[in-house]
Amino acid sequence: MDVVQQRFAEWVYKLGITLTERQAEQFETYFRLLVEWNEKMNLTGITEREPVYEKHFYDSLTIAEAVDFNKTSSIADIGSGAGFPSLPLKIAFPHLKVTIVDALAKRIRFLDEVIAALGLDNVTALHGRAEEVARDAIHRDHYDVVTARAVARLSVLNEFCLPFTKSGGVFIAMKGTDVEEELRDSGYSAHVLKGEAREVLKLKLPLEQSERHLVIIDKKGSTPKAYPRKAGTPLKSPLVDPAASQ
Ligand code: SAM
């Protein structure tokens with residue numbers, strides 16, 4: 001391991017993760033593929049090595065502060081893009097069964113390449129809109145943990161993600177610096193979709209020191225039949241309290 005990998009190992013150790021040599025190699029291969037494919041398609045604005053380790057790999061693994069992955073069997077990552085946060089989580093917790101949903105086919109092609117190159121089993125990358133995939137009985141109300149990073153506002157994300165979350169499971173929305181207003185706006189959609197905000201964890205990236213938030217939402221029942229609405233509707237008309245707009 002070189003200096004960057006050692007520093008990364010120290011950061012994640014504080015999250016309770018001890019990386020093996022093989023896992024460190026998997027992260028390095030992932031980094032190489034990300035930068036290589038990024039020349040052909042838009043995957044990330046971050047391409048320098050240590051920032052990728054910090055802002056993509058470490059940031060993804062911070063979810064371990066909110067969830068005990070040793071007691072988790074399945075996760076769904078909605079709008080995963082280049083694989084964040086689910087692929088770093090899969091590398092760190094190889095027992096996880098991971099389902100990725102993304103609306104862009106070329107990103108799914110990249111993910112399939114990473115999954116094969118890293119030799120990851122039990123990872124399925126699905127091309128589709130969250131609103132449509134969540135209508136499939138195999139995925140609906142099914143996952144222990146559902147994640148989303150940088151996909152939409154929380155009021156929209158609740159409709160994308162809570163339908164995948166099983167009753168008793170948890171949806172973790174990864175957010176940047178400002179979360180207050182989004183949280184306020186999202187109460188109604190959470191309520192309609194049987195979610196209940198439990199806690200917001202505030203974190204800092206180890207080098208850059210910028211703030212991150214993990215919004216932890218418990219799923220308290222089955223998704224009502226009417227949700228999610230037609231693809232595109234959640235983004236166009238987010239679920240907000242009708243009383244608040246009068
Ligand atoms: N989660 C990744 C990250 O943090 O780097 C990617 C974020 S990228 C800005 C947002 C991703 O969400 C895109 O890859 C886009 O295709 C996907 N996306 C947006 N709306 C979606 C939807 N309704 N269903 C599935 N994927 C969606």
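Val114 lies in helix α5. This is a predicted model, and in it Val114 is buried, with a relative accessible area of 0%.

What is Val114 in contact with, leaving aside its neighbours within four places in sequence? The residues are Tyr30, Leu33 and Leu87. One further distance for orientation: Ser74 is 40 residues away from Val114 along the chain, and their C-alpha atoms are separated by 19 Å.

Helix α2 covers residues 21-38 and helix α5 covers residues 105-118; their axes are 10 Å apart and the packing angle is about 150°. That angle makes the two helices roughly antiparallel. The crossing is right-handed. Sorted by class, that gives eight nonpolar, two polar and three charged residues.

Helix α1 is residues 3-13 and helix α3 is residues 49-61. How do their axes lie? They come within 11 Å and cross at roughly 20°. The two helices are therefore roughly parallel to each other, and this crossing is right-handed. From α1, the contact uses Val4, Gln5, Arg7, Phe8, Trp11 and Val12. From α3, it uses Arg49, Glu50, Tyr53, Glu54, Phe57, Tyr58 and Leu61. By class there are eight nonpolar residues, one polar and four charged.

Now the sheet. Which strand order does it have? Seven strands form an open sheet, running β3-β2-β1-β4-β5-β7-β6, with mixed pairing. At the edges are β3, residues 123-127, and β6, each of which pairs on one side only. On average, neighbouring strands are turned by 20° against each other, direction ignored.

I will take the parallel pairs next. Strand β1, residues 74-78, pairs with β2 in the parallel sense over five bridges. Within that pair, Ile75 stands opposite Val98 of β2. Strand β2 itself, residues 97-102, is mostly covered, with five of its six residues buried. Strand β1 also pairs in the parallel sense with strand β4, residues 143-149, over three bridges. There, Ala76 has Val146 in β4 as its bridge partner.

How many residues of α7 are buried? Eight of its eight residues are, and the helix counts as mostly covered. By name, the buried residues in α7 are Leu154, Ser155, Val156, Leu157, Asn158, Glu159, Phe160 and Cys161. Note that Glu159 and Asn158 are on that list.

Is β7 largely enclosed or open? Eight of the nine residues in β7, residues 211-219, are buried, so this strand is largely enclosed by the rest of the structure.

On one side, strand β5, residues 165-175, pairs with β7 in the antiparallel sense over six bridges. In that pairing, Lys175 stands opposite His213 of β7. The other partner is strand β6, residues 195-204, which runs antiparallel to β7 and is joined to it by nine bridges. Here Glu199 has Ile216 in β7 as its bridge partner. Strands β6 and β7 form a hairpin with six residues between the strands, and in that hairpin Gln209 takes a positive phi near 65°.

Definitions and conventions: Residues are numbered from 1 along each chain as its sequence is written. This is a predicted model: local features need pLDDT of at least 70, side-chain atom pairs count only at pLDDT 80 or more; totals for chains, interfaces and linings use all residues. Side-chain values use heavy atoms; hydrogens and water are left out. Buried means under 20% relative accessible area, exposed over 50%, partly exposed in between (1.4 Å probe, protein chains only). Helices (H or I, at least four residues) and strands (E, at least two) are DSSP runs, numbered from the N terminus. Two strands pair if DSSP finds at least two bridges between them. Axes are lines fitted to C-alpha atoms, for helices over the stretch in contact, and angles run from 0 to 180 degrees between N-to-C directions. Angles under 35 degrees count as roughly parallel, over 145 as roughly antiparallel, 65 to 115 as roughly perpendicular and the rest as oblique. A crossing is left-handed if the near helix is turned anticlockwise from the far one by less than a right angle, and right-handed if clockwise. Contact means heavy atoms within 4.5 Å. Ala, Val, Leu, Ile, Met, Phe, Trp, Tyr, Cys and Pro count as nonpolar, Asp, Glu, Lys and Arg as charged, and the others, Gly among them, as polar.
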